[in-house]
Amino acid sequence: MNPKMKCLIAVAWFAMVTCSPVYAQERTPSKRFNLVEWNGGKFVYGADYYPEHWDESQWAKDAEMMQAAGMNFVRLAEFAWVKMEPAEGKFDFAWLDRALKVLNAHGIKAVLGTPTASPPAWLYAKYPDIAAMDENGVRYRYGSRGNFCLHNPSFDAATRRIVTAMAEHYKNHPGVIGWQIDNELGDPVCYDAACRAAFQRWCRSKYKSLDALNKAWGTTFWGHSYLAWSEIPLPWNTLGKAHNPSLALDHRRFHSEATRDYLKLQVDILRRISPKQAITHNLMGMYDGVDYSRLAEPLDFIAWDNYPMFGENYANYFGPGLAHDLMRGAKNNQNFMVMEEEGGLPGWSMFWGRQVAPGLYRAWAYQAVAHGADGICYFRWRTSRYGTEQYWQGILDQDSYPNARYQIIAQTGKELGQLTDLLKGSTLSSKVALLVSPDSRWAFQIQPLVKDFNYDRQLSLYYGAFRRAGHCVDVLFPQSDFTGYKIIVAPSLFVVDTKLAGKLTNFVKDGGTLVLTYRSGVKDENNVVTNQTLPGPLAELAGIAIHDFDPQTNQKQEVEDPQGDPHPAKVWFDILDPLSAETLATYGNGYYAGKAAVTRNHFGGGSVIYVGTEFASEDAYSKLAHYLAPGTDMRLDSNLPEGVELAWREKGDKKIVFLINYTEKSQTVSLGESMQNALTGNVEPAHVEIPAFDVKVLTSK
Ligand code: GLA
């Protein structure tokens, strides 16, 4: 590229990023569930407790130790079906009543798990087909948990019976404030005849006619047209990737909806019988077997299971950070709780990592709070002596000694008690958002594109860049409210329907900056390739045409940015033909050297950046983030030091700022103003020092 061109591009880029208009519209918060009010004014703090695993004589001592650690909450019973229904239709809640009595006497309230994740052996023995069937036609055998078929009538009846009995028994219990439905719903996918018939019914209800289905799926290919609903198969993976991708995407949607319907079946029973108790479910962060934005709809609030398990690099906090934000985003940015927070070293038949410094357990709890958690419940109170999870540490080890984990968790409990009034009612509100498309995620799993492609890695790369630059990031789903954001990054938006294309167009017209990346707008909602020039329904918005692309070929490729700096690139290279767009960066090598790799298009009051490739280094993403959003609300003058996180919640015009140091050395961050330390009451200077593995909670003075 010639120097004059480079200069023009650099000026244009700068002008674009500094002149983004201020939004007239703000997001309207819907009615939000307040966890602190729900828990009688206390920050929800506790542990997952299994009284049935311990001698009753230990319960009072446990409750005392919990109370001394600032705990006011437990989750109970989510795997105790056989204890509560030892024989079909015969119930025994006496043991749970006694456990609740002991816990309640120490100021500890409970959420009860409906125990359907672990059906009793007698139920399997009597109704063997409640077990899911794998794709080879083999039914799961008894011995683990969760392996049930979502469409089995006997399991449906057994579910209704136990949930109804629990709801009737506990509907007026003052120590039971809510319910967790099942446990980590989502797997496995069942391939038995009941599920196949259910899928056929689902297709019928969606498409109404076989003509419509055949057209939508393009079954003319390989002569796969269906002439009767009963001919429609399940997409067995044993066929490799040879199945019709449209059928496969619909099957993902079907499984996701079936999972939500199963959850809703239980929610409806509980709401009917005990309308005053709140209902949640423990989700799994980045897990993608289910569309969490839909699963969350029937719930009062989201809870999720957070095991940071950073491997050796504890300083990389982006993984759990993104998962927290995705959990918040799955319920319209509403605050949530962590139902299983890592309370010790994880493992099953063996330990899975190294032990971490006790301070990290506190740091991870504050990270959750900084991202919108109004409750922390550790998994688990004490490590099990029995079963699969003997190597999955709880807070206490089997000997109940008040170890270092207990001490730091107790300290955190006291601090969160102290911060409750401040935190109560505060929320997150970011200017930058990441759009997650469940359809695109599934479509890429069905057809993985190229060997090294990874949708979630793209999410993380953009997420990490904005977070390092000091921005909070919200996560949006296609049906979320897009108003109020300045920047939406929508990595590899592969599957786009006209509704989503329209929402994005309005967002840009109204002044937003949209970042699109390679393989966007390729498929319609049926997972069928568009016949428009790429990026399909987003082409006009992006102001480009793509007539050629180059998947990873192990060649050396690099992209030159407006400052002339080269950035190595990999995986995929969309060769962009700018129409109304300007070129911001070009490819350095190959037959398309000099052609556009990154473009920017003004559209309405906003603009669209199209990044046609994946950069191989974080630097390019950081540079992009700084260009797109120069300056942050916190007036950081550069990236945060590695391993230090900055996030904040807002309450009126007050900011509650969290600085978390995940490294073993002291770090300094310059916030541009002195602030008050909410824990000590001291004033912290503009250059705040955060000791190793420590946390600072600051408020504007
Ligand atoms: C999950 C489950 C828990 C427990 C932990 C640790 O999060 O919900 O029941 O099994 O993992 O393995």
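The largest pocket has a volume of about 1,100 Å³. A pocket here is, on a 1 Å grid over the protein atoms alone, an open set of points where a 1.4 Å probe fits, with protein on both sides within 12 Å along at least five of seven lines, and its lining residues have an atom within 4 Å of a point. The volume is the space filled by probe spheres set on the points, which are joined across faces, edges and corners.

The model is predicted: local features need pLDDT of at least 70 and side-chain atom pairs count only at pLDDT 80 or more, while totals for chains, interfaces and linings use all residues. Residues are numbered from 1 along each chain as its sequence is written, and side-chain values use heavy atoms, with hydrogens and water left out.

The lining of the largest pocket comprises 44 residues, with Phe 79, Arg 145, Trp 348, Phe 379 and Glu 389 nearest the centre.

The ligand sits in this largest pocket, in that more than half of its atoms lie within 2 Å of the grid points. Among the residues surrounding the ligand are Asn 183, Asn 282, Asp 305, Tyr 307 and Trp 392, where being near requires a heavy atom within 4 Å. Oxygen atoms of the ligand lie 2.8 Å from a side-chain N or O atom of Arg 145, 2.6 Å from a polar side-chain atom of Glu 184 and 2.5 Å from a side-chain N or O atom of Glu 340. The protein covers 95% of the 300 Å² of accessible area that the ligand has on its own, by the Shrake-Rupley method with a 1.4 Å probe.

How values were computed:
Polar contact = N/O pair within 3.5 Å; in protein donor to acceptor, adjacent residues only side chain to side chain.
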